[in-house]
Amino acid sequence: MTTYKAINLVKRPNPGPVSADIFEVVEKELPTVNDGQFLIKQTHMSLDPAMFGWMSPDTESYIPPVELNTVMRSSGVGEVVESKHPDFAKGDRVMGMMGWQQYALSDGQGINKVQADVPDEMVLSVFALPGLTATQGLFNVGKPKSGETLLVTGAAGSVGSIVGQLAKADGLRVIGVVGSDEKTDWITNELGFDGAINYKTDDLDAKLKELTPEGIDLYFENTGGPIQHHVMQHMNAHGRIVVCGMIADYDKAEPAPGPSWIPIIKKRLSIQGFTMPDHFHQVPSLLEKLTPYVMNGKIKYRAHTLEGLESAIDGLNLFFNGDNKGKLLVKL
């Protein structure tokens, strides 16, 4: 084979569902591998809510937007098929930012070797961005303590589900917010969460009173939406809020108004946003922290795998309708 497929971003998305015309499927020549480079054949790539920010024209975000007429940004896992790099050999299994393409040429920046002997789906579902994000956000930002109560939104998602399981393993009471009864059942009966709230059907304030009778010490925010206003009233004094994502607003022209700041003063709350590009240099230490939980059977996952490169285009909309079940992946 001398060519491969890639998908370029050619337009900025409008508010609402992603339309196929913002992408273009292209055929590219396999690149020549020069000294200090290696070629990766990607096997699986990750779809993540962060992509909606990457596609926007916002130049003041935590990472520059994807340039138009270039390969759409994404992380993935694959195998080195040719190398002239001293640290990477043919046959090495690697993960990192590879983009929407079947092959990726790299100089090693942002690419890490996969050490664990686990399936590719598990690499992207646990050891790649979801697990790294959950580990950084929960432990280094949230600073959980045994006996505390954690509430996590997007609790059946790739990040939220790991956050909740890590917290349970460390002795916290964990309540998850999800969008369906099936997800409610999964996080409580399979993952061991102490309770779940279906934000689409439950009386939010009544459920919070029932499930967090001693208040909320740590709030891990992945989604935004109406639940946010209610949670603020149930936070304990000196509680911490970790802001990881706001998927409820990513498809809106104007974000929804946030909660009142009065509880922040009354309860002396700490609120911190974070993004993983600030912490890519910490990947080895984050993996060192996460891996024992996984190897000791404390972390379960499920992957929602789409087939073929072009399935990524429509697949992004699964984040908005909630039809994805587990980590959203594309198998190439």
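**Rings, charges and a domain boundary**

Arginine 73 lies over the face of tryptophan 54, 5.4 Å from the centre of the ring; a charge counts as sitting over a ring if NZ of Lys or CZ of Arg is within 6 Å of the ring centre and within 35 degrees of the ring normal. The structure is a predicted model, in which local features need pLDDT of at least 70 and side-chain atom pairs count only at pLDDT 80 or more, while totals for chains, interfaces and linings use all residues. Residues are numbered from 1 along each chain as its sequence is written, and side-chain values use heavy atoms, with hydrogens and water left out.

Arginine 302 belongs to the loop between helix H9 (283-295) and strand E15 (303-307); helices (H or I, at least four residues) and strands (E, at least two) are DSSP runs, numbered from the N terminus. With a relative accessibility of 18%, arginine 302 counts as buried, because buried means under 20% relative accessible area, exposed means over 50%, and partly exposed covers the range in between (1.4 Å probe, protein chains only). The side chain of arginine 302 also makes a polar contact of 2.8 Å with the side chain of glutamate 182. A polar contact is a pair of N or O atoms within 3.5 Å; within protein, one must be able to donate a hydrogen and the other to accept it, and residues adjacent in sequence count only if both atoms are side-chain atoms. Leaving aside neighbours within four places in sequence, arginine 302 is in contact (heavy atoms within 4.5 Å) with Glu182, Lys183, Trp186, Lys325, Gly326 and Lys327.

The domain assignment places arginine 302 in context. Domain 1 comprises 3-115 + 302-331, and domain 2 comprises 130-277; such bounds come from an automatic or database domain assignment. The centres of the two domains, taken over C-alpha atoms, are separated by 28 Å. Across the boundary, 15 residues of domain 1 are in contact with 14 residues of domain 2. The area buried between the domains is about 1200 Å², and carbon and sulfur atoms give 66% of it; buried area is the accessible area (1.4 Å probe) that two parts lose on being put together, summed over both. On the side of domain 1, Tyr62, Arg302 and Phe320 lose the most area to domain 2, together 39% of what that side buries.

The aromatic residues form a further theme. A search of the whole structure finds 7 aromatic pairs. Rings of Phe, Tyr and Trp (its six-membered ring) pair if their centres lie within 6.5 Å; planes under 30 degrees apart count as stacked, over 60 as edge-to-face and the rest as tilted. One of these pairs joins tyrosine 4 and tyrosine 103 in an edge-to-face arrangement, with 5.9 Å from centre to centre and 65 degrees between the planes. This pair links distant parts of the chain, since tyrosine 4 is in strand E1 (residues 3-9) and tyrosine 103 is in strand E7 (residues 103-106), 99 residues apart. Tyrosine 4 is buried, at 6% relative accessible area, and tyrosine 103 is buried, at 11%.

Phenylalanine 52 and phenylalanine 320 form a tilted pair, 4.6 Å from centre to centre, with 45 degrees between the planes. Here, too, distant parts of the chain are linked: phenylalanine 52 is in helix H1 (residues 51-55) and phenylalanine 320 is in helix H11 (residues 318-321), 268 residues apart. Phenylalanine 52 is buried, with a relative accessible area of 8%, whereas phenylalanine 320 is partly exposed, at 25%. Ring pairs link Phe52, Phe319 and Phe320 into a cluster.

Helix H2 (residues 120-127) is largely enclosed by the rest of the structure, because 7 of its 8 residues are buried. The buried residues are Asp120, Met122, Val123, Leu124, Ser125, Val126 and Phe127.

Histidine 238, in strand E13 (residues 235-243), has a phi near 65 degrees, a positive value in a residue other than glycine. Histidine 238 counts as exposed, at 52% relative accessibility. Arginine 268 lies in the loop between helix H8 (262-266) and strand E14 (270-273), and its phi is near 50 degrees, again a positive value in a residue other than glycine. Arginine 268 is partly exposed, with a relative accessible area of 44%.
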